[in-house]
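Here is a short tour for a reader new to this structure. Keep the sequence and the 3D view open while reading.

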Amino acid sequence: MVLESFQVGEGDVPTVLLHGFLGSGRNLRSLANAWSAADPRRRFLLPDLTGHGASPVPPPAADLFTLARDVVETARAQGFTGALDWVGHSLGGRVSLAASLHVPESVARVSLLDIAPGPVPFDLSDSGMVLGILLQAPSRAANRKDMRAELSGRGLSDGLTDWLLMNLVTEGDSVRWRFDRQALAELHSRVNGMDLWAALERPDHPPMRCVRGGRSRYVSDAEAARMEAAGCPVTTLPSAGHFVHVDTAKELLEWLLRG
């Protein structure tokens with residue numbers, strides 16, 4: 001499946017930047033622009049993962065391997081050849097690990113942005129809470145202001161509300177959600193439950209590294225130690241939460257440039 005995507009940069013080092021659950025490629029545009037300016041050797045592909053943004057709805061029983069294959073197919077369709085550098089935030093990081101297991105010839109290295117290989121507990125995942133509110137919201141509203149009121153009235157913060165509203169499209173005299181909310185709910189439980197430690201703990205894995213937010217719970221100290229033991233260095237950005245590319249954009253870019 002070929003996904004909706006856009007590109008940044010014109011270098012010859014192929015790099016895919018993958019967003020988190022309920023996001024889209026646009027979430028990482030600022031990071032791509034800053035990284036491209038600092039390292040013109042790179043050419044970035046920023047897809048909307050399967051079921052997200054303007055990309056097609058996931059097929060029944062889609063999992064992380066499905067999402068990884070779709071990224072590879074999209075990269076090839078866009079002229080990206082050879083093994084790619086994979087950089088993924090949250091769900092995007094898990095897709096990158098799945099790619100290293102399922103389509104290893106397409107993976108040169110993996111950079112994980114605040115995510116670990118193990119299953120993501122439901123009570124840890126903010127996306128589960130957000131998804132629950134999203135499912136309660138109407139499928140359409142007269143305008144963005146009305147949909148904003150629907151989301152904030154259900155307890156969603158202003159920041160998360162603004163982030164979700166990026167997924168509204170205008171149709172006629174109203175707005176509707178761009179994605180299939182029920183399909184994403186089904187995908188959510190499958191992708192969060194997968195165990196990907198084999199991607200790190202097999203002897204021939206490609207170079208991998210991880211950065212975590214000091215204020216985030218997504219990569220515990222125990223997980224960080226296990227990742228380090230498997231040859232995946234873990235760096236902590238003390239002031240960052242889960243959205244390391246937003247909270248500590250400068251420090252994250254410096255970390256990426258060291259790789």
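The report below covers cores, a sheet, salt bridges, aromatic pairs and a few single residues.

## The model and its cores

This is a predicted model. Start with the nonpolar interior. In soluble globular proteins, nonpolar side chains tend to be buried together. The largest nonpolar core here has 64 residues. Those with the most contacts inside this core are L22, W86, V95, L164, L200 and M227. Helix α2, residues 64–77, gives the most to this core, with 6 residues.

L200 shows how such a residue is surrounded. Leaving aside neighbours within four places in sequence, L200 is in contact with L97, P117, H205, M208, M227, A230 and C232. There is also a second, separate core of 19 residues. Its members include W35, V87, V244 and L256.

## An open three-stranded sheet

Next comes a sheet. Its 3 strands run in the order β6-β8-β7, the sheet is open, and the pairing is antiparallel. Which strands stand at the edges? They are β6 (140–141) and β7 (168–171). Each has a single partner strand, so one side of each is left without a neighbour in the sheet.

β7 pairs with β8, residues 174–177, over 4 bridges in the antiparallel sense. Within this sheet, L168 stands opposite W177 in β8.

## Salt bridges

How many salt bridges does the model hold? The count comes to 12. One of them joins the side chains of R140 and E171, at 2.1 Å from N to O. R140 is in strand β6 and E171 in strand β7, so the pair links distant parts of the chain, 31 residues apart. R140 is partly exposed, with a relative accessible area of 39%. E171 is partly exposed too, at 32%.

E201 and R226 form another salt bridge, with their closest N and O atoms 2.7 Å apart. E201 lies in helix α8 (residues 197–201) and R226 in helix α9 (residues 221–229). The pair therefore ties together parts that are 25 residues apart in sequence. E201 is partly exposed at 42% relative accessibility, and R226 is partly exposed at 37%.

The side chains of E150 and R154 also meet in a salt bridge, at 2.7 Å from N to O. E150 counts as partly exposed at 30% relative accessibility. R154 is partly exposed at 32%. Elsewhere, D39, R41, R42 and D85 are linked in a network of salt bridges.

## Aromatic pairs

The structure holds 3 aromatic pairs. One of them is W35 with F44. The ring centres are 5.0 Å apart and the planes stand at 50 degrees, so this pair is tilted. Both W35 and F44 are buried. W35 is also listed in the second core.

Another pair is W163 with F243. Their ring centres are 5.9 Å apart and their planes are at 70 degrees, so the pair is edge-to-face. W163 lies in helix α6 (residues 158–165). F243 lies in the loop between β10 (234–237) and α10 (244–247). The two residues therefore tie together parts that are 80 residues apart in sequence. F243 counts as partly exposed, at 29%.

## Single residues to look at

S111 lies in strand β5. S111 counts as buried, at 2% relative accessibility. The side chain of S111 makes a polar contact of 2.9 Å with the side chain of R209. Not counting residues up to four places away in sequence, S111 touches W86, V87, G88, R209, W255 and L256.

Two residues have a positive phi without being glycine. S90 has a phi of about 55 degrees. S90 is found in the loop between β4 (84–89) and α3 (91–102), and counts as buried at 10% relative accessibility. D114 has a phi near 55 degrees. D114 sits in the loop between β5 (107–113) and α4 (126–136). D114 is buried, with a relative accessible area of 0%.

How values were computed. Residues numbered from 1 in each chain as written. Heavy atoms only, no water. Buried < 20%, exposed > 50% of the residue type's maximum accessible area, 1.4 Å probe, protein only. Polar contact = N/O pair within 3.5 Å; in protein donor to acceptor, adjacent residues only side chain to side chain. Contact = heavy atoms within 4.5 Å. Core = buried A, V, L, I, M, F, W, Y, C linked by side-chain atoms within 4.5 Å. Pairing = 2+ DSSP bridges. Salt bridge = Lys/Arg side-chain N within 4 Å of Asp/Glu carboxyl O. Phe/Tyr/Trp six-rings, centres within 6.5 Å; stacked < 30°, edge-to-face > 60°.
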